[in-house]
Amino acid sequence: MNFLEQYNYWIVIILMMSGFYIVIAHGNLIKKLIGLTVFQTSVFIMYISMSKVTGGTAPILSEAYKVYSNPLPHVLILTAIVVGVATTALGLALAVRIKEAYGSVEEDVIQEKDLQQEGSQE
Amino acid sequence: MIDHLPILQVIVPLLAAPICLILREAQLVRWFTLIASLFAFIISVLLLQQVQTHGTLIYSLGGWDAPIGIEYRIDELNAYLLILVTSISSVALLAAGTSLQKELTERKELYFHVAYLLCLAGLLGILTTGDAFNVFVFLEISSLASYTLIAMGRDRRSLWASYQYLIMGTIGATFILIGIGMMYMMTGTLNMYDLAERLPEVQQTKTVFTAFAFFMVGVCLKLALFPLHLWLPNAYAYAPSIATVFLAATATKVAIYVLLRFIFSVYGFEFSFSHLPLKEILVALGLMGIFAASIVAIYQNNIKRLFAYSSVAQIGYMILGLGIGSKTGLVATLLHLFNHALMKGAIFLALAGVVYRVGSVNIKAFAGLGKQMPWTMAAIVVGGLSLIGVPLTVGFVSKWYLVLALLESNWWPIAILVLVGSLLAVIYVWRLVEAAYFRPALQDSAPYKEAPLMILIPTWILVLANIYFGIDTSFTVGLSEQIAVSLFGVNK
């Protein structure tokens with residue numbers, strides 16, 4: 001059935017949407033970052049799965065193999081994974097600093113403290 | 001050497017960043033960063049000259065030609081923006097030493113310069129590369145560096161602003177990644193020039209439409225198009241002053257470049273504007289941005305936030321010009337890109353001077369500053385007049401072309417709305433003028449001195465550029481027209 005043949009894309013979409021939902025719905029900064037990572041990972045899976053050729057092997061130049069997968073998207077996604085790791089690391093570092101400065105990693109507490117600060121300056 | 005200019009443009013700041021870490025000595029790092037940035041500026045000027053004499057420059061990385069290797073492709077559009085980014089970055093760095101001394105500790109200052117150079121390298125990389133995936137990578141380099149720059153502000157709110165920017169910026173970048181992946185899926189190439197050739201064959205597929213949609217939304221998040229601008233005001237308001245100058249003048253402009261590049265050079269004008277209601281969407285969002293952001297700006301008491309909202313409004317003007325979809329409209333967009341960088345650069349640099357002396361950018365602190373800091377305030381006033389679009393300033397030139405383009409397309413009601421939008425700018429600029437010139441100084445404070453020379457000089461360089469390019473328009477208008485012709489010409 002066509003619907004199940006492309007199950008990899010369904011996995012991508014489900015992961016992407018759940019990651020996106022976590023980013024939007026959760027107030028905890030760490031949970032938001034986890035959601036962001038899930039969101040990014042879903043895109044990596046999209047790239048990796050789209051370049052896989054059914055029955056293909058690794059791209060080795062040899063007489064024995066005729067069918068192989070496309071290596072380029074895999075390489076690209078290696079770069080994107082590095083970028084993702086860097087983003088997560090920076091986000092976590094910021095979360096640590098926010099915890100030090102505000103004493104909390106909950107979005108609503110931080111916003112409340114910001115409002116108080118602005119109020120006292122007026 | 002001269003053959004390798006396109007790659008040197010990116011390599012110089014990219015290598016300068018780690019060298020800063022070796023130098024360590026604050027004074028040394030400052031000069032080194034400035035020299036690296038000036039070097040990049042000289043390269044960009046040479047590049048523009050080369051492009052104008054020899055046409056599009058193509059540089060194959062490592063000697064591998066285009067479809068297999070990565071190529072850097074420089075035409076007039078890239079060269080124009082390269083000059084803009086490198087010149088603003090050099091002027092901002094002139095003032096950086098003095099301003100940062102006050103706002104950051106010496107240790108942090110070192111890291112500030114490293115992040116600044118990385119951000120510059122990322123922006124220049126986006127501008128030079130001819131490879132779609134490279135755009136994503138450089139975009140993330142510049143974004144990660146700018147999150148760091150913003151987080152260095154003195155106020156703890158800068159951390160929160162940076163975090164929010166990180167979340168939204170990463171979502172935007174991931175959308176761009178999805179778009180590029182889908183384009184690759186359909187065409188098997190990442191080279192922009194190749195993409196442009198192969199996309200028309202698969203134009204009607206849903207995948208290409210989806211790719212286009214994801215890409216556009218991602219880029220619009222990065223360029224802070226209303227209503228995707230929510231990260232911008234806090235990020236600009238709480239970042240260190242110099243970081244605000246640099247980011248406000250360049251980062252969003254580079255994102256607009258990516259938008260232009262993909263609409264015109266990759267997808268083609270035909271596809272972007274006739275198959276999809278992009279025209280209507282861009283015009284509507286542009287107009288909403290102008291009005292919503294200007295009105296919010298009027299109610300801001302933090303002056304940096306006020307001008308940050310004004311930036312969102314000005315981006316609305318650029319997008320509106322693009323949405324008209326005519327050559328004159330594109331000229332208006334390109335002009336405003338350049339001119340807005342000059343205005344906002346001048347205003348935020350002057351505000352850096354205010355932060356240096358007064359330590360606050362609340363509108364109350366501005367009372368009586370007109371007499372105490374005449375040169376700084378005059379710079380803000382000229383910048384403000386330019387924002388409004390008063391003749392003899394650059395703002396007038398770009399608004400003139402925008403209104404001209406609207407009238408050419410017979411969209412006169414929108415032309416009127418644009419003029420009304422400018423009146424809103426009068427209100428928020430006037431609030432500042434009124435506070436600075438007509439309110440008596442606060443009694444309990446000693447009179448403030450004029451901002452230090454090292455901040456005033458770069459500010460006035462930009463202010464004079466504001467006036468110069470408002471009178472002699474041959475460089476900006478001439479080049480914008482050339483670019484518009486070539487962008488439209490490719491697809492005809």
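A nonpolar core is a set of buried Ala, Val, Leu, Ile, Met, Phe, Trp, Tyr and Cys residues joined through side-chain atoms within 4.5 Å. Buried means under 20% relative accessible area, exposed over 50%, and partly exposed in between (1.4 Å probe, protein chains only).

**Ground rules.** I am working with a predicted model, where local features need pLDDT of at least 70, side-chain atom pairs count only at pLDDT 80 or more, and totals for chains, interfaces and linings use all residues. Residues are numbered from 1 along each chain as its sequence is written, chains are lettered from A and ligands numbered from 1 in the order in which they are written, and side-chain values use heavy atoms, with hydrogens and water left out.

**Core.** I looked up the largest nonpolar core and found 232 residues in it. Among those with the most contacts inside it are A:Y47, B:F262 and B:F366. Helix α14 of chain B (residues 327-357) gives this core the most, 19 residues. Helices here are DSSP runs (H or I, at least four residues), numbered from the N terminus.

I then checked B:F262. Setting aside residues up to four places away in sequence, B:F262 touches B:A132, B:M183, B:M192, B:F215, B:M216, B:Y267 and B:G268. Contact means heavy atoms within 4.5 Å.

**B:I303.** This residue lies in helix α13 of chain B (residues 303-324). Buried or exposed? B:I303 counts as buried because its relative accessibility is 0%. Beyond four places in sequence, B:I303 touches B:L351, B:V361, B:I363, B:F366 and B:L432. I also noted B:K364, 61 residues from B:I303 in sequence and 9.9 Å away in space, C-alpha to C-alpha.

**B:S398.** I found B:S398 in helix α17 of chain B (residues 394-408). B:S398 is buried, at 2% relative accessible area. Its side chain reaches the backbone oxygen of B:G395 at 3.3 Å. Leaving out neighbours within four places, B:S398 contacts B:A332, B:L335, B:H336 and B:N339.

**Interface.** I counted contacts between the chains: 34 residues of chain B meet 40 residues of chain A. The buried area is about 3,300 Å², and carbon and sulfur atoms give 73% of it. Buried area is the accessible area (1.4 Å probe) that two parts lose on being put together, summed over both. B:R156, B:W160 and B:Y163 supply 22% of the area that chain B buries against chain A, more than any other three residues.

How many salt bridges cross between chain B and chain A? The rule finds 0. It asks for a side-chain nitrogen of Lys or Arg within 4 Å of a carboxyl oxygen of Asp or Glu.

Notes:
Helices (H or I, at least four residues) and strands (E, at least two) are DSSP runs, numbered from the N terminus. A polar contact is a pair of N or O atoms within 3.5 Å; within protein, one must be able to donate a hydrogen and the other to accept it, and residues adjacent in sequence count only if both atoms are side-chain atoms.
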